[in-house]
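Colleague: I am new to this structure and would like a friendly tour. Could we go through it together, one question at a time?

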Amino acid sequence: MAANSSLSSPMDPLAREKDAKGIQLIEDMTRNADTVQKNFLSEILTRNSDTEYLKKFNLNGATDQETFKSKIPIITYDDIEPFVRRIADGDRSPILSALPISEFIFSSGTSSGEPKLIPSGREESNRRHLLFSLMTSIINLHVNGVDKGKGLHFWFTKADIKTKGGIPARSATTSLFKGDLFKTRPYPHNMCTSPNEAVYCLDTYQSTYAQLLCGLYEREHVMRVGAIFASGLLSVIKFLKLNWEQLTHDIRTGSLNPKITDPPLRECMTRIVRPDLELADLIARECANGDNWEGIITRIWPNTKLLEMIVTGTMAQYIPTLDHYSGGLPKVSMLYGASECFFGLNLDPMCDPSEVSYTIMPNMAYFEFSPLESEPDSPGQLVDLVDVEIGKEYEVVITNSSGFYRYRMGDVLKVTGFHHKSPKLQFVRRKNVLLNIDWEKTNEVDLQEAVGHAAELLREFGTSVVDYTSYADTSTIPGHYVIYWELQAPLKEELCEKVIEQCCIAMEESLNPIYRLLRVDGSIGPLEIRVVKSGTFEELMNYAISKGGSIGQYKVPRCVSFKPIVDILDSRVLATSFSTSLPKSTRE
C-alpha cells in the first residue's frame, strides 16, 4: 500500500484560523499574567462572597490579593473535607462555591484511605477543555504536516460512582471525555481514529480492541499515536501482541469479534469493519514474529511523526521501552494537570522528555508558591505566579473556581524559565508519596497500614515482619508494587508460598481505593511480596554507612529505587509470591 496515497489534502483555512486564535490566546495570557491572575481572584471572591466558607473569614467584600492572603488560611484536604462531604451528601446551599457542583473529580487518597473528592462545575470543566484543545494548536505549529493526518489516541473512561447526594464522582480524564465540549469538539480537534462509542465503552478489552481496529484501518492517515500516560500506550502494545490474530481475522473477513458486545460500540463498529486482505496480510506479517517488535509502531503506522502522552515524572521510566517500539520517535508531553485544576502546557513540544517544562496558563486558577526551603509542615511566605525565581523549587498552592481556596497541592515544581511573564515549571515530585505506578500515589502511612494488616496473617504461623521496604517495578507491563519482607522466623517451606500469597491479597485489599480501582482495570499489575534472608536490612544499613551515612541517623527507606540497593535486596530473596485475585473496587 502506498504510504502517502491519501494524505494530500491540506488543512482548511478555518482550522488554521482556529490554531492562530489558540496561539494568540496563549500569548495574551502569558504577556499579562499578573493582570489575569488578579482578575481571576477578584472574580472568584466576588462571585463566592456569600458562600459559607468565605463568610467565616470576614472579607467584607474585599477582592484584592493582600486582603485575601491576610485573612484566608492555607489548607490541606483534611481542613476542607467536612465541607466537601456535606456537598457530596446532598447539601445544595452555597457552601464553597456559588455555582452548582455538577461532579466530583477523584484525587489520591486522604489520611483515612478514602479518595479525595474534588468539587467541579461547568466553569472548571470548560477550563480543562480549553487547555486540552490548545494542545493541537501547539503541535500543529511545531510539527510540519501533522495537521494533514489523524491521531490514534487511546482514550478510556471509567464508570461513575454516585455520592450519597447523587452527584457523579469520576476521574479527571473521564470528566474530560464525558463533557459536552469533547463530544461536540470541532475540526481539527476531532481528527482522531477512535469513535466516541469506543471511548465511552467501560469494558477495557472492548474499548482497546475497537480503538486498535479503527487505528489499523486508518493506518495510512495516522500521524500521532498516544495515550494519557506512557504506561497506557505500552499496555496497548501488549494488547496488540496478544490479540493481533483476532484483529487480522476481522480485517480479512470483514466480520467483528463476538466479544464486542457493548450495544452502541457494536453498532458503531459494524459500520466500520470491512474486508481488506492486503491490510490483513501486512499486519500478520509485521506481528507474527513476537521476538522482533522493534519499531512496530512505525512499521504498522508508517506516517507517524510523534508519540503524544505524559512521559515526565514516574512515566520517564518507560522512555527506553517506547523508543524500542517506536524506533525513537519524538515523545511529546503536552499537558500538566491535576484533579484540582489544570496548570499549563509544554510550549516546546519537540524538546527532549528530560527537558520538558510546562508554561503555567494564568487563567486556569489563582496560583501561589511556597518555597521548598521553608518548614516542611508550615509553608513560608507564599510567592505570586510572576514572582517565582528561576532555579528554585516550590510547592504549589491553588485557588480554583469550584471553591478550593489556598489549597496545598503537594506537587513540588522547579522554575526553569519564563514565557513572557508566566513561569515555566518542571515537575519534580509529589510530597510524601512513596509508590506511584499510574495515579494512585501511595504514601508511607498507606503502605505501613497495608503491611500491618497483612502481617496479622503471620501470627498463627509463629512469625512476624521484622522490617520491610518497597519498590515500584515498572519493568513489567503494567507496573506493579514489590514489597520486601524480612521475617522474624522462617515459614515452613510447604506453607510459605500459599501464606505469602494470602498476604499479598490482604495488602491489596488494604491499599487505597484508587489503587484498587486501577488494579481491577488492569492499569497496575498484581502486588508481589519477596521474602528476604534474615539480616538483609542490617546489610542495607551497612551499605548506607559505607557510603558516608551516619549510624545514628540511619532510617530504613520505605521505598527504594537506587539500583545497588535493589540488587542487594534481590540477591537475598528466599521466596516470592503474587496476589492471585483482584481487590474489591467499591463503586458505590
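Modeller: Gladly, and please keep in mind that this is a predicted model. Let us begin with a pair of strands, E15 (residues 407-419) and E16, which pair in the antiparallel sense. The number of bridges between E15 and E16 is eight.

Colleague: Which residue in the turn of the E15 and E16 hairpin has a positive phi?

Modeller: The hairpin of E15 and E16 has two residues between its strands. Most residues other than glycine have a negative phi. The turn residue with the positive phi is His420.

Colleague: Is His420 buried or exposed, or something in between?

Modeller: His420 lies in the loop between E15 and E16. Its relative accessible area is 36%.

Colleague: Which residue in E16 stands opposite Tyr358?

Modeller: E16 (residues 422-430) also pairs with strand E11 (residues 358-360). That pairing is antiparallel and has two bridges. Opposite Tyr358 stands Leu425.

Colleague: How far apart in space are Phe427 and Ser357, C-alpha to C-alpha?

Modeller: Phe427 lies in strand E16, and its relative accessibility of 25% counts as partly exposed. Leaving aside neighbours within four places in sequence, its contacts are Gly313, Tyr336, Asp411, Val412 and Leu413. Phe427 and Ser357 are 70 residues apart in sequence, and their C-alpha distance is 7.7 Å.

Colleague: Which residue in E8 does Leu307 stand opposite?

Modeller: Strand E7 (residues 306-310) and E8 run parallel and are joined by two bridges. Opposite Leu307 stands Lys331.

Colleague: Are H11 and helix H13 roughly parallel or roughly antiparallel?

Modeller: The axes of H11 and H13 (residues 277-287) come within 8 Å of each other and cross at roughly 165°. Angles over 145 degrees count as roughly antiparallel. Therefore H11 and H13 are roughly antiparallel.

Colleague: Which residues in H11 meet H13?

Modeller: H11 passes H13 in a left-handed crossing. On the H13 side, the residues involved are Leu277, Leu279, Ala280, Asp281, Ile283, Ala284 and Cys287. On the H11 side, they are Trp244, Thr248, Ile251 and Arg252.

Colleague: How many disulfides are found in the whole structure?

Modeller: A disulfide needs two cysteine sulfur atoms within 2.5 Å. Searching the whole structure for disulfides gives a count of zero. Cys503 is in no disulfide, and the nearest cysteine sulfur, that of Cys504, is 7.2 Å away. The number of disulfides is zero.

Colleague: Is Cys503 buried or exposed?

Modeller: The relative accessibility of Cys503 is 0%. Anything under 20% is buried, so Cys503 counts as buried.

Colleague: Which residues does Arg92 touch, not counting residues up to four places away in sequence?

Modeller: Arg92 sits in the loop between helix H5 (77-88) and strand E1 (103-109). Arg92 is exposed, with a relative accessible area of 53%. Arg92 and Gly165 are 73 residues apart in sequence, with a C-alpha distance of 9.2 Å. The residues that Arg92 touches are Ile87, Gly165 and Ile167.

Colleague: One last stop: what is omega for the peptide bond from Ile477 to Pro478?

Modeller: Pro478 is found in the loop between strand E17 (465-473) and strand E18 (480-487). Most peptide bonds are trans. The bond from Ile477 to Pro478 is cis, with omega near -5°.

Notes: Residues are numbered from 1 along each chain as its sequence is written. This is a predicted model: local features need pLDDT of at least 70, side-chain atom pairs count only at pLDDT 80 or more; totals for chains, interfaces and linings use all residues. Side-chain values use heavy atoms; hydrogens and water are left out. Buried means under 20% relative accessible area, exposed over 50%, partly exposed in between (1.4 Å probe, protein chains only). Two strands pair if DSSP finds at least two bridges between them. Helices (H or I, at least four residues) and strands (E, at least two) are DSSP runs, numbered from the N terminus. Axes are lines fitted to C-alpha atoms, for helices over the stretch in contact, and angles run from 0 to 180 degrees between N-to-C directions. Angles under 35 degrees count as roughly parallel, over 145 as roughly antiparallel, 65 to 115 as roughly perpendicular and the rest as oblique. A crossing is left-handed if the near helix is turned anticlockwise from the far one by less than a right angle, and right-handed if clockwise. Contact means heavy atoms within 4.5 Å.
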